[in-house]
Structure formats: C-alpha cells, structure tokens
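Take a walk through this structure one part at a time. Keep the sequence at hand as you read.

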Amino acid sequence: MDNDIYGIVNINPTQFFKALADPTRLRCVVLLQAEGELCVCELTHALGLIQPKISRHLALLRASGVVQDRRDGFWVHYRIHPDLPAWAQDAIRETNRGLAGLAPFSSDRRALAAMPNRPGEPSCCAPGVHG
C-alpha cells in the first residue's frame, strides 16, 4: 500500500475487495463501520474468536490500508481508515447497511452490546487480548 505525504490512502479496488473477501475480515470491518472504533478485545468478544486470529486479520486490513490502529497503553483500537477514497468508504457503508440484519453480523452486534467491561471501564479486557 502506498501513502503519500498527506496521508491519503492509495488503494486499488482489487486490493480493497481482496482484503474484505475473508469472512472474519468482513465481520471486523462491518463492526468497525457501525461502531466507529473498537479495541481488539471487543472484536474478539463479538466474533467469538481467539485474539491471535483477530489480530492477524486486523494486521492484513491495516497493511492493505482499510483500517487504522491507535495504541492506548496496552490497548490497540482500530477504525476504518479515515483517508480511504470515497468509493471505498461508500462500499463499506453500503455493505454495513445491507448486512446489518443478517447473520453473523447481527449476532456480532448483539454480542458486542452484551460485552461486560468494555473499554473505558476500569477493568476492560482480559490480560493478553489487547493486540
């Protein structure tokens, strides 16, 4: 992925859609688009998958330019890259709208909403699930 000095993400459509082609990565992107920003522990809880698997998929999404990470102490938070081209942002937004009520995307949202100790709470996240 190439970034120019202004931070605008240059991503071609093939690269973008390949990044979203995996079911786990698509589930992560749909949740991130709906929630704005999520900690790795939130994605792990919502998708019911182990931290190394989630982190591996997030690393691929980050390398492709689809998501951006932010470190906050032990926590790593992800969001849709704000400098994606408009066509890519539109594709993610429309995908989220179209899939929101379907499984597993709807159950991912319910699991996230039911998660105890979400970030911002003093006891957020179990040790070892931060990134």
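In which helix does Thr 24 lie? Thr 24 belongs to helix α2. The model is a predicted one: local features need pLDDT of at least 70, side-chain atom pairs count only at pLDDT 80 or more, and totals for chains, interfaces and linings use all residues. Residues are numbered from 1 along each chain as its sequence is written, and side-chain values use heavy atoms, with hydrogens and water left out.

Start with the overall layout. The chain holds six helices and five strands. Helices (H or I, at least four residues) and strands (E, at least two) are DSSP runs, numbered from the N terminus. In order from the N terminus, the elements read β-β-α-α-β-α-α-β-β-α-α. The chain has 131 residues, and 41% of them count as buried. Buried means under 20% relative accessible area, exposed means over 50%, and partly exposed is in between (1.4 Å probe, protein chains only). Contact means heavy atoms within 4.5 Å. Among contacts between residues at least 6 apart in sequence, 63% join residues at least 24 apart.

Now return to Thr 24. Its relative accessible area is 8%, so Thr 24 is buried. Leaving out residues up to four places away in sequence, Thr 24 touches Leu 47, Leu 49, Lys 53, Ile 54 and His 57.

Next comes the pairing of two helices. The axes of α2 (residues 23-35) and α3 (residues 40-47) come within 11 Å and cross at roughly 115°. Axes here are lines fitted to C-alpha atoms, for helices over the stretch in contact, and angles run from 0 to 180 degrees between N-to-C directions. From α2, the residues that meet α3 are Thr 24, Arg 27, Cys 28 and Leu 31. Their partners in α3 are Leu 43, Ala 46 and Leu 47. Five residues of this contact are nonpolar, one is polar and one is charged. In this grouping, Ala, Val, Leu, Ile, Met, Phe, Trp, Tyr, Cys and Pro count as nonpolar, Asp, Glu, Lys and Arg as charged, and the others, Gly among them, as polar.

How many of the eight residues of α3 are buried? Seven are, so α3 is largely enclosed by the rest of the structure. The buried residues are Val 40, Cys 41, Glu 42, Leu 43, Thr 44, Ala 46 and Leu 47. Their cover includes α2, β3, α4, β5 and α6 (105-113). Just after α3, Gly 48 takes a positive phi of about 65°.

Which residues touch the most other members of the largest nonpolar core? They are Phe 16, Leu 58, Leu 61, Val 66 and Leu 84, in a core of 30 residues. A nonpolar core is a set of buried Ala, Val, Leu, Ile, Met, Phe, Trp, Tyr and Cys residues joined through side-chain atoms within 4.5 Å. At least two residues of this core come from each of α1 (13-20), α2, β3 (38-39), α3, α4 (51-64), β5 and α5. The largest share, five residues, comes from α3. Beyond its neighbours within four places in sequence, Leu 84 is in contact with Val 9, Ile 11, Phe 16, Gly 65, Val 66, Gln 89 and Ile 92.

Turn to strand β4 (residues 67-72), where Val 67 is placed. Val 67 is buried, with a relative accessible area of 1%. Not counting residues up to four places away in sequence, its contacts include Leu 32, Leu 58, Tyr 78 and His 81. His 81 sits in the loop between β5 (75-80) and α5 (86-99). At 8% relative accessibility, His 81 counts as buried too.

Helix α5 contains Ala 91. Ala 91 is buried, with a relative accessible area of 19%. Apart from neighbours within four places in sequence, Ala 91 is in contact with Phe 16 and Phe 17. Ala 91 and Phe 17 are 74 residues apart in sequence, yet their C-alpha atoms are 9.6 Å apart in space.

Two backbone details close the tour. The peptide bond from Ala 103 to Pro 104 is cis, with omega near 5°. Pro 104 is in the loop between α5 and α6. Asn 117, in the segment after α6, has a positive phi of about 55° although it is not a glycine. Asn 117 is partly exposed, with a relative accessible area of 33%.
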